[in-house]
Amino acid sequence: MWDEKIEAMPLEELKKLQLRRLKKLIKFAYERNEIYHRKFDEQGIKPGDIKSLEDLSKIPFLTKDEMRNYYPFGLLCVQLDDCVEVHASSGTTGKPVVDVYTKKDIEIWADVMARSLWANGMRRNDIMQNSYGYGLFTGAHGFERGAHRIGALVIPVSSGNTKRQINIMKDFGVTCIACTPSYALYMAEVAEEMGLCSDDFKLRLGFFGAEAWSDEMRRKIEEKWNIRACEHYGLTEIIGPGVVSECEEKRLHINADHFLPELIDPKTGERIEEGEGELVFTTLTKEAFPAIRFRTRDIASYSEEACDCGRTLPIQSRIKGRSDDMMKVKGVIVFPSQIEEAIIKAGGSENYQIVKKKEKEMTTLIVRVEAEDEGIAKRIEGEIYTMLNLHIPVEIVKPFSLPRSEGKAKRIVEE
Ligand code: ZN
């Protein structure tokens with residue numbers, strides 16, 4: 001284990017540690033941030049009222065919409081001068097969700113990621129190709145930090161340009177790949193087209209996250225690449241990737257010394273002790289942007305039973321569902337609002353439709369735009385490429401041929 005003292009800590013001791021940290025956090029947030037202060041006051045809660053882990057349920061939830069309302073720095077509990085990094089998730093319709101980090105927050109992030117990658121089997125002599133997109137998104141940065149902490153070699157290739165990815169993987173003797181699961185399968189297809197097979201690579205581990213993927217898909221990736229495919233889970237609102245560590249038993253141990261999990265009934269908000277429900281997290285140690293009772297909208301089950309790996313950290317199942325409107329195309333995250341922006345930038349009409357097709361495990365997109373003139377298609381494709389580094393074909397259709405809606409426009413259709 002990377003940190004046996006914590007990872008194999010008796011559950012009772014872990015709960016004591018959590019409570020100590022929780023009390024400190026509640027006091028800290030109450031004193032340092034007016035939004036939290038007001039939220040607690042409205043419920044008539046003072047920091048001293050939190051005497052047990054159960055008392056946490058007295059505190060109101062934090063939702064994604066609230067976080068958008070507090071954009072960008074509303075939940076900050078330290079001076080911005082004390083922060084060293086900021087990340088954000090792309091906003092779909094509204095504003096993005098921002099996360100801000102102090103030096104200590106970054107240290108914690110690196111440490112939980114190292115814990116997680118170590119549990120997956122990464123060691124100092126590994127070479128990791130980091131094919132998550134670098135940028136405001138947390139993914140690539142979390143994996144890089146964890147790998148650095150272990151002392152592995154990182155290739156920050158970022159997403160896109162698949163043939164180049166495959167050449168690098170082969171030429172550099174890459175042993176670990178970090179990307180979305182669908183992109184890993186797409187890369188396998190392209191490698192095949194290039195006349196290569198898994199024997200041409202030294203790959204042995206894959207770190208996959210940022211999208212829901214089935215067990216079947218995991219088996220397929222493992223078979224195609226002849227690797228062990230490991231699951232990663234995280235959220236921008238919490239820290240990024242690094243919320244769980246998947247052990248050799250393929251179970252997801254929550255790094256619960258830093259991220260206190262709760263399970264609730266998504267309809268009533270009542271706490272559930274065991275079984276299936278919505279995951280709620282409280283960041284126990286984050287300084288800049290602590291999240292208190294953040295509703296993830298992710299449905300999973302939770303268990304505190306012992307695991308054969310020896311870790312005592314509680315276990316969450318793989319996510320059963322995630323209500324999100326983001327799409328993944330060749331490993332690149334695409335939001336409808338970005339396509340819309342590109343269309344409009346190119347001078348196109350706001351009457352458009354995104355046609356989503358699932359071929360095998362890969363999502364492909366076609367954009368249909370109403371226009372008189374066919375010539376605009378190339379301009380829109382160019383804008384989309386500039387924005388996303390992706391070739392998405394654009395079809396021009398006759399004006400008024402796309403369905404209209406009186407309420408919210410249905411931009412995405414599945415075919
Ligand atoms: Zn385990």
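Val397 lies in strand E21, which spans residues 394–397. The model in which this residue is placed is a predicted one. With a relative accessible area of 17%, Val397 falls under the 20% limit and is therefore classed as buried. Leaving aside residues up to four places away in sequence, Val397 is in contact with Arg368, Val369, Glu370, Ala371 and Leu402. Ser303 stands 94 residues from Val397 in sequence, and the C-alpha atoms of Val397 and Ser303 are 52 Å apart in space.

Ile366 belongs to strand E20, residues 362–370. Its relative accessibility is 15%, so Ile366 also counts as buried. The contacts of Ile366, again without residues up to four places away in sequence, are made with Gln353, Ile354, Val355, Lys357, Ile392, Pro393 and Glu395. Between Ile366 and Tyr134 there are 232 residues of separation along the chain, and a C-alpha separation of 25 Å.

The zinc ion has four coordinating residues: Cys247, Cys307 and Cys309 each contribute SG, and His253 contributes NE2, with distances of 2.1 to 2.3 Å. Angles subtended by the four donor atoms range from 100 to 116 degrees; the arrangement is therefore tetrahedral, given that the criterion requires all angles to lie between 85 and 135 degrees. Along the sequence, the donor residues follow the spacing C-x5-H-x53-C-x1-C. Distant parts of the chain are linked by the pair Cys247 and Cys307, which are 60 residues apart. Cys247 is located in the loop between strand E10 (244–246) and strand E11 (252–254), whereas Cys307 is located in the loop between strand E14 (294–303) and strand E15 (315–316).

Although Arg297 is not a glycine, its phi is positive, at about 70 degrees. The relative accessible area of Arg297 is 38%, which means that the residue is partly exposed.

Two packed helices are described by the angle between their axes and the distance between the axes. For helix H8 (residues 181–193) and helix H9 (residues 215–225), the axes come within 10 Å and the crossing angle is roughly 35 degrees. The crossing of H8 past H9 is left-handed. On the H8 side, the contact is formed by Pro181, Ser182, Ala184, Leu185, Met187, Ala188, Ala191 and Glu192. On the H9 side, Met217, Lys220, Ile221, Lys224 and Trp225 take part. Classified by residue type, the contact between H8 and H9 comprises nine nonpolar, one polar and three charged residues.

Asn226 is situated in the loop between H9 and strand E7 (228–231). Phi of Asn226 is near 55 degrees, a positive value in a residue other than glycine. Asn226 has a relative accessible area of 55% and is therefore exposed, the threshold for this class being over 50%.

A further backbone feature is the cis peptide bond between Tyr71 and Pro72, for which omega is about -10 degrees. Pro72 is part of the loop between helix H4 (64–69) and strand E1 (83–88).

Helix H2 (residues 11–32) includes Lys15, and Glu31 is placed in helix H2 as well. The relative accessibility of Lys15 is 32%, so this residue counts as partly exposed. Glu31, by contrast, has a relative accessible area of 53% and is thus exposed. Apart from residues up to four places away in sequence, Lys15 touches Leu53 and Glu304. Lys15 and Leu260 are separated by 245 residues in sequence and by 9.5 Å in space, C-alpha to C-alpha. For Glu31 and Pro47, which are 16 residues apart along the chain, the C-alpha atoms are separated by 9.2 Å.

Notes
Residues numbered from 1 in each chain as written. Predicted model: local features only at pLDDT ≥ 70, side-chain atom pairs only at ≥ 80, totals over all residues. Heavy atoms only, no water. Donors = N, O, S within 2.8 Å, 3.2 Å for Na, K, Ca; no water. Tetrahedral: all angles 85-135°; square planar, octahedral: opposite > 155°, others 65-115°. Helix = DSSP H or I, 4+ residues; strand = E, 2+ residues; numbered from the N terminus. Axes fitted to C-alpha atoms, helices over the stretch in contact; angles between N-to-C directions. Left-handed = near helix turned anticlockwise from the far one by under 90°. Contact = heavy atoms within 4.5 Å. Nonpolar A, V, L, I, M, F, W, Y, C, P; charged D, E, K, R; others polar. Buried < 20%, exposed > 50% of the residue type's maximum accessible area, 1.4 Å probe, protein only.
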